[in-house]
Each structure stands twice: as structure tokens, then as C-alpha cells.
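Dear colleague,

Here is the structure for your files.

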Amino acid sequence: MPAAPLWAAEARQDAVLAAARSVNRRLQQKLNRHDIGATDLCLQTFDLKDPAPGKPRLRFPGDGNTPTWRARQEVAKYLAAGTFLAIRNVAAHEDEVSRTEQEALEHLATLSVLARWIEECATEFAA
């Protein structure tokens, strides 16, 4: 993971930003979408709507008709968007972020969960 050497150098903000950029890059690659920002991409990617031309979706495995599956999609949609808004954007746009080691670890953990979900999901394209 690109964050590891930065973490070892105690560059927490840079480590969080590197992890966020890596997750964003993987999301773009998996969907072949480089046309919109990360937050909008997350909102579209995990949306319950059917995929549209040029707008594929990521889908968790399982029965898409169950309340649990639908809840997972919705949670992923908002967690992903919120992660980019509240974690990545702060790391990217603030000169110096005062976060404890614990907070930085929690941010990296959130990014790790998101990365795992992106890999777990199948890409669904418009018919």
C-alpha cells in the first residue's frame, strides 16, 4: 500500500492522502470512469438504480432483492462519498491537519474497508 512508507516516516497526513488516492484510482479503474470527481463517482457507483450507458455500478454479491443487500449498497454509497469528503478532501486541501496517530489509523481503516468493498463488488454494465 502506498501509505506504508509514509506512515513509517510519521507523515500521517501524507499517508492518509496516499491511501485515499489509491482507493480513488482503483475505483476509477474498476469502472473505467475518469470523467467525474470521487464523491459523485461514489454516489453513482453504489446507487441502487440500474446501470446506464457510461455509468456502470458496483454490486455486492447476493440477492439484490433483500433488505440487507439493499442496505449494504446504500451504506457503501454514503460511506464512500463521506470518506472522500471528510477524510480525503481534508488531507488534500489543508496545509497541516492536526490528527492524532489513533485518528489517522481510523482514517486508514475506513479507507481499507472501502477498498475491500470495491474489490468485493462486481461491476455491472448497462445492457
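Helices (H or I, at least four residues) and strands (E, at least two) are DSSP runs, numbered from the N terminus. This is a predicted model, in which local features need pLDDT of at least 70 and side-chain atom pairs count only at pLDDT 80 or more, while totals for chains, interfaces and linings use all residues. Residues are numbered from 1 along each chain as its sequence is written, and side-chain values use heavy atoms, with hydrogens and water left out.

Arginine 33 sits in the loop between helix H2 (12–31) and helix H3 (38–45). Arginine 33 is buried, at 4% relative accessible area (buried is under 20%, exposed over 50%, partly exposed in between; 1.4 Å probe, protein chains only). Its contacts (heavy atoms within 4.5 Å), not counting residues up to four places away in sequence, are Gln28, Leu41, Gln44, Gly54, Lys55 and Pro56.

The structure has five salt bridges (a side-chain nitrogen of Lys or Arg within 4 Å of a carboxyl oxygen of Asp or Glu). One of them joins glutamate 119 and arginine 26 at 2.5 Å, N to O. Glutamate 119 is in helix H5 (residues 101–120) and arginine 26 in helix H2, 93 residues apart. Glutamate 119 is partly exposed at 43%, as is arginine 26 at 31%.

Another pairs lysine 77 with aspartate 47, with the closest N and O atoms 2.7 Å apart. Lysine 77 belongs to helix H4 (residues 67–93), and aspartate 47 to the loop between H3 and strand S1 (57–59). Lysine 77 is buried at 9%, and aspartate 47 is buried at 12%.

Regards
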